[in-house]
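Please keep the viewer open as you read.

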Amino acid sequence: DFLCISLVNGFTQLRYNLGDKTVILQTLQKVHANGHTWHSLKAGRVGNEGYLDLDGINITQKASPGMNTLDAHTDFFVGGVSSLNLVNSMAIENEPTGFTGCIREIVINNRELKLTATDPKGGANVGDCDGTVCGYAVCKNSGTCQVENSGFFCSCPQEWTGTTCEQSIYCSQNMCGSQALCIPQPSTFSYTCVCALGWSGKYCDSKIKFYIAKFVGNSYIKYTDPYYGKRDLQYSRISVNFTTNQTEGLIVWMGKSEDEDNDFLAIGIANGTLKVVINLGERISVPLMHSKYFTCCDKRWHFVTVVQNQTCIKVYLDEELILFEDIDPQRKYTALNYGGICYFGGFEIGRKVNVVTTGLFQKEFIGKIKDVVLFQDSKKIQLMKAEGYNVYDGNSE
């Protein structure tokens, strides 16, 4: 399998092979080879349907029956490769040759790569592109960069300040405690403090303890399972108590959620009813819905347990077995490789639930969670000892 973007006779080409056939897309227009015109290129695939967009002009290859997962287990190369024999003969039209030119702002699956001297795993014969300390995106938030003596100077828009325009003026005099994030509120010329786990108050300066976690909508807990390396991932299990008065919300996401290929097991509320979604591989998300009776809006505590025995899934609600399904009788994937990560209530600040879950769940959780048990552990996990923000003591209103 491969996915390759290249220049061929002045045109941009995308080629990929998911295991059965090579798909080739080529732009309609040539790139300007004058050495001072920047081009914006977007390329990729959804399943086996590919797209290639150069400066806003899109070419799309409609999906045909066939394989739809890219199994590429090499490093990710930009501008060239460490050894030319790594390049599949079908991945490029002519003999492979390294790229000469400038590249900036590479975003893979919504994550920007840092094109610095230290962040990549390796490389050779790469230099600075514009030859100044300004370079690309030194000044944040639409600031403009000027070379000054041996350094640089950022001119910032009126709402931003700092050496690189990284700080909102509304947060420049903030009183948030050290265990807090300052979130600017431009509409009120003010700010709010978002408290780390174990802190509360307007300025996050009051220490708290909790055994019941209260989520208010822009809250999350990220728990790292210390026993992940010893787990038998073909037989996973999670149970949780929750209460809510909302009809939508993500309660638990077991999985790394870094990109779309990560396995996961998710529990939440959708349309007022319990929804469990499982992906054991190839992004085949199997949603299991229970609509016998509503489980939201009643403010009662509900106890949910999800048991995965290879591809057989059991869901218990208030100790009653409500769902029992074999999600893949072929047994192609049988393990939940969740990376030892569990999210509760939502994801990191700035990451929207409907985006990260690709619409499987619509909103962050508003309500309370307690008594979380992983696998057959004898102890509940200590939510207080995880990472997170904006979570309060569910015992005190």
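## Around V304

In β24, V304 has L317 as its bridge partner. This is a predicted model, in which local features need pLDDT of at least 70 and side-chain atom pairs count only at pLDDT 80 or more, while totals for chains, interfaces and linings use all residues. Residues are numbered from 1 along each chain as its sequence is written, and side-chain values use heavy atoms, with hydrogens and water left out. Strands here are DSSP runs of E with at least two residues, numbered from the N terminus, and helices are runs of H or I with at least four. Two strands pair if DSSP finds at least two bridges between them.

Strand β23 (residues 302–309) runs antiparallel to β24 (residues 312–317), and 6 bridges join the two. Is β23 enclosed or open? Of its 8 residues, 6 are buried, so β23 is largely enclosed by the rest of the structure. Buried means under 20% relative accessible area, exposed over 50%, and partly exposed in between, with a 1.4 Å probe and protein chains only.

Now turn to an open sheet of 3 strands, ordered β1-β2-β3 with antiparallel pairing. β1 (2–8) and β3 (22–26) are its edges; each has a single partner strand, so one side of each is left without a neighbour in the sheet. From one strand to the next, the twist averages 15°, with axes fitted as lines to C-alpha atoms and angles taken from 0 to 180 degrees between N-to-C directions.

β1 pairs with β2 (residues 11–17) in the antiparallel sense over 7 bridges. L3 stands opposite Y16 in β2.

## A cavity and a pocket

Y16 also lines the largest cavity, along with L18, D20, K21, V23, N48 and M67. A cavity is a set of points on a 1 Å grid over the protein atoms alone where a 1.4 Å probe fits but cannot get out; a pocket is an open set with protein on both sides within 12 Å along at least five of seven lines, and lining residues have an atom within 4 Å of a point. The largest cavity holds about 30 Å³ of space, and its lining has 4 nonpolar, 1 polar and 2 charged residues.

The second largest pocket holds about 360 Å³. Of the 13 residues that line this pocket, F210, Y211, I381, Q382 and L383 lie nearest its centre. By class, its lining has 6 nonpolar, 1 polar and 6 charged residues.

N395 lies in the segment after β28 (387–393). Is N395 buried or exposed? It is exposed, with a relative accessible area of 56%. N395 and K209 are 186 residues apart along the chain, and their C-alpha atoms are separated by 10.0 Å.

## Two annotated stretches

The UniProt record, an unreviewed entry, places the feature "domain: EGF-like" at residues 130–166 and 167–205. Residues 130–166 are 0% helix and 32% strand, with the end C-alpha atoms 22 Å apart. Residues 167–205 are 0% helix and 41% strand, with the end C-alpha atoms 22 Å apart.

Key
Points joined across faces, edges and corners; volume = space filled by probe spheres on them. Nonpolar A, V, L, I, M, F, W, Y, C, P; charged D, E, K, R; others polar. UniProt positions renumbered as here; feature names shortened; annotations may be inferred.
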